[in-house]
Amino acid sequence: MSDSDQIKVCDQCLRASCWQGVYMCDDNLTAGTTRKTIRELRELKLEHESYWKTDDELTDDRIAEIEKDTFIDLLRRIDS
Ligand SMILES: [Zn+2]
């Protein structure tokens, strides 16, 4: 991840955690998304940088979650 990477954030509160549904702001229902670079987000100091993920990283996380769910489901089937 480099300073010029673009991160998708809520266009009202400018937080990635809001867009990802972790901490939603009051305007989240009507808010859209915008993009900020890591450098801009660092200057804003709104949230911990662990929330700043590029689209590729978010996709990887989602795939990992689906794989985990599938694995747990498989274990349940074997167990019963
Ligand atoms: Zn928001």
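**A walk through the chain**

Colour the chain by pLDDT, the predictor's confidence in each residue, from 0 to 100: helix 2 (residues 38–44) has the highest mean, 97, and helix 3 (residues 55–79) the lowest, 91. This is a predicted model, in which local features need pLDDT of at least 70, side-chain atom pairs count only at pLDDT 80 or more, and totals for chains, interfaces and linings use all residues. Numbering starts from 1 along each chain as its sequence is written. The chain's mean pLDDT is 93, with 100% of residues at 70 or more.

Next, switch to a cartoon view. You will find three helices and two strands, in the order β-α-β-α-α from the N terminus. Helices (H or I, at least four residues) and strands (E, at least two) are DSSP runs, numbered from the N terminus.

Now zoom out to the whole C-alpha trace, which spans about 50 × 30 × 20 Å along its principal axes. The radius of gyration is 16 Å, whereas a compact globule of 80 residues would have one near 12 Å; the value is taken over C-alpha atoms, and the globule rule is 2.2 Å times the number of residues to the power 0.38.

Finally, select cysteine 10, in strand 1 (residues 6–10). Cysteine 10 counts as buried because it has 21 C-beta neighbours inside 10 Å; the cut-offs are 20 or more other C-beta atoms within 10 Å for buried, 12 or fewer for exposed, and partly exposed in between, with C-beta atoms placed from the backbone. Buried residues make up 12% of the 80 in the chain.
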